[in-house]
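Keep the structure open while reading.

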Amino acid sequence: MKFTLLINEGPYQHQASDTAYQFAKAALAKGHEIYRVFFYNDGVNNATRLAVPPQDDRNITENWAALAKEHELDMVVCIAAAQRRGMLDADEAGRQGKDADNIHPAFRISGLGQLVEGGIQADRLLTFGD
Amino acid sequence: MSESIKKFMFVNTKAPYGTVYALESLEVVLISAAFDQSVSLVFCDDGVFQIANNQNTEASGMKNFSPAYKALGDYDINKIYVETESLEERGLTLDNIMALTYEDEDDDWAEKPSIIPATRAELADLMDEQDVVISS
Amino acid sequence: MAMLHTVNKSPFERNSLHSCLSKSKEGSTILLIEDAVVGALKGTIVADKLTAAIANKNVCVLASDLNTRGFTGADIIDGIKTVDYAGFVDLVAEHSNVQSWL
């Protein structure tokens, strides 16, 4: 079965991203497909490549990145939500005249249509939020 | 080959302004209109405050996004369910919420109400029929 | 196929469990995750409401979130089942759609 996951909360502040990650791992272990992971609201902050969590804690962004690499996951950050919150990839930083970018390369920036399309293409859409 | 149409329902349960969920949910709804799916909205619990009349953000400095709800009809989104119990619990009636409308292309573009009052039990039935339910 | 509902808020702080209980149909499944797992404990002010729900709905709790907060299956209301993440995945696959009560 194909799942699309929607993550609406940032890392560490809320358990939503952790729950989604554990769900994704369990689904993949059972042979299901993760069609897309879409990051919205403060969930876009999961895609920062600049976080430095304490060494004895989990690294949520790197966990997602590793899972994505292993299973070729499509992890999409909503561009409108990201721009509001200062989350930019290199292309977008150039376009907006900003002097830095902070999106981890395991994630890609795209529009909200990717969420709706994820809902259409997947058998189930699950929301993890607050 | 065209794909079958899915039923999307956006369930709004939170008050506007205190958090960003109402505004960003509306942005998804407006985008979803471009995908030719069956889209409906629910306002229940504190979500009923999202479509309250007379929102005035002048002194709070917040962006007043309530006019965008009035555009839903232009996007062919005209099934907007409002939970009657949630209104009653909050001392509200249909008079307190925006009279959202759409123009019915099958009826010589007659203006018709988009707001559909629904009880909890009716909403439970409607949610059960959906393919995708996105709550916030 | 029936619907799966997830709830992630403590019912002692937020209204989402009550909202879910009032808008879920007979035969549906309610899965308590994250902070909502404490709603499954015995002897609380919401226990009667959940016990009533068990009569015609399937109520489950995510075991790892229960354990994380210091409780086990022995601490929860009889008739509420515990599931692990694999069980969570199965519930999603077995139900026609999912609603997260946030």
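## Strand β3 of chain A

In chain A, strand β2 (residues 33-39) runs parallel to β3(A), and 3 bridges pair the two. Within that pairing, A:Val37 has A:Met75 of β3(A) as its bridge partner. This is a predicted model.

Strand β3 (residues 75-78) of chain A is covered on both faces. A:Met75 and A:Val77 lie on one side, A:Val76 and A:Cys78 on the other, and all are buried.

## Two helices of chain A

Helix α1 (residues 16-29) of chain A packs with helix α2 (residues 60-71) of chain A at an angle of about 20°. Their axes are 11 Å apart. Angles under 35 degrees count as roughly parallel, and α1(A) and α2(A) are therefore roughly parallel to each other. The crossing of α1(A) past α2(A) is left-handed.

From α1(A), the contact uses A:Ser17, A:Asp18, A:Tyr21, A:Ala24, A:Lys25 and A:Leu28. From α2(A), it uses A:Ile60, A:Asn63, A:Trp64, A:Leu67 and A:His71. By class, the residues of this contact are 6 nonpolar, 3 polar and 2 charged.

## Helix α1 of chain A meets chain C

α1(A) also packs with α4(C), at an angle of about 80° and with the axes 8 Å apart. That angle makes α1(A) roughly perpendicular to α4(C). On the α1(A) side, the contact is made by A:Gln22, A:Phe23, A:Ala26 and A:Ala27. On the α4(C) side, it is made by C:Tyr85, C:Ala86, C:Phe88 and C:Val89. The residues of this contact divide into 7 nonpolar, 1 polar and no charged.

Now take the whole contact between these chains. Chain C gives 12 residues and chain A gives 15. On the chain C side, α4 (85-94) and β5 (98-101) are the elements that give two or more residues. The largest share, 6 residues, comes from α4(C). By class, this side of chain C has 9 nonpolar, 2 polar and 1 charged residues.

## Chain A meets chain B

Here 15 residues of chain A face 17 residues of chain B in the contact. In chain A, α3 (79-84), α5 (113-121) and β5 (124-128) each supply at least two residues. Which element gives the largest share of the side of chain A that touches chain B? α5(A) does, with 5 residues. This side of chain A has 9 nonpolar, 6 polar and no charged residues.

## The sheet of chain B

Chain B has an open sheet of 5 strands, in the order β6-β3-β2-β1-β7, with parallel pairing. The edge strands are β6 (115-118) and β7 (132-135), each pairing on one side only. Neighbouring strands are turned by 25° against each other on average, direction ignored.

Strand β1 (residues 7-12) of chain B has 5 of its 6 residues buried, so it is largely enclosed by the rest of the structure. β1(B) pairs in the parallel sense with strand β2 (residues 38-43) of chain B over 6 bridges. There, B:Lys7 has B:Ser38 as its bridge partner. β1(B) also runs parallel to β7(B), joined by 4 bridges.

Helix α1 (residues 21-32) of chain B lies across β1, β2 and β7 of chain B, at about 165° to β1(B). Helix α3 (residues 120-128) of chain B touches β1, β2, β3 (80-83), β6 and β7 of the sheet. The direction of α3(B) makes about 140° with that of β3(B).

## The sheet of chain C

Chain C also has an open sheet of 5 strands with parallel pairing, ordered β4-β3-β2-β1-β5. Its edge strands are β4 (81-83) and β5, and each pairs on one side only. The twist from one strand to the next averages 25°.

Inside this sheet, strand β2 (residues 29-32) of chain C and strand β3 (residues 58-62) of chain C pair in the parallel sense over 4 bridges. C:Leu32 stands opposite C:Val61 of β3(C). The edge strand β5(C) is also among the elements that give two or more residues to the side of chain C that touches chain A.

How values were computed: Residues are numbered from 1 along each chain as its sequence is written. Chains are lettered from A and ligands numbered from 1 in the order in which they are written. This is a predicted model: local features need pLDDT of at least 70, side-chain atom pairs count only at pLDDT 80 or more; totals for chains, interfaces and linings use all residues. Axes are lines fitted to C-alpha atoms, for helices over the stretch in contact, and angles run from 0 to 180 degrees between N-to-C directions. Angles under 35 degrees count as roughly parallel, over 145 as roughly antiparallel, 65 to 115 as roughly perpendicular and the rest as oblique. A crossing is left-handed if the near helix is turned anticlockwise from the far one by less than a right angle, and right-handed if clockwise. Two residues are in contact if their C-beta atoms, placed from the backbone, lie within 7 Å. Ala, Val, Leu, Ile, Met, Phe, Trp, Tyr, Cys and Pro count as nonpolar, Asp, Glu, Lys and Arg as charged, and the others, Gly among them, as polar. A residue is buried if 20 or more other C-beta atoms lie within 10 Å of its own, exposed if 12 or fewer, and partly exposed in between; C-beta atoms are placed from the backbone. Two strands pair if DSSP finds at least two bridges between them.
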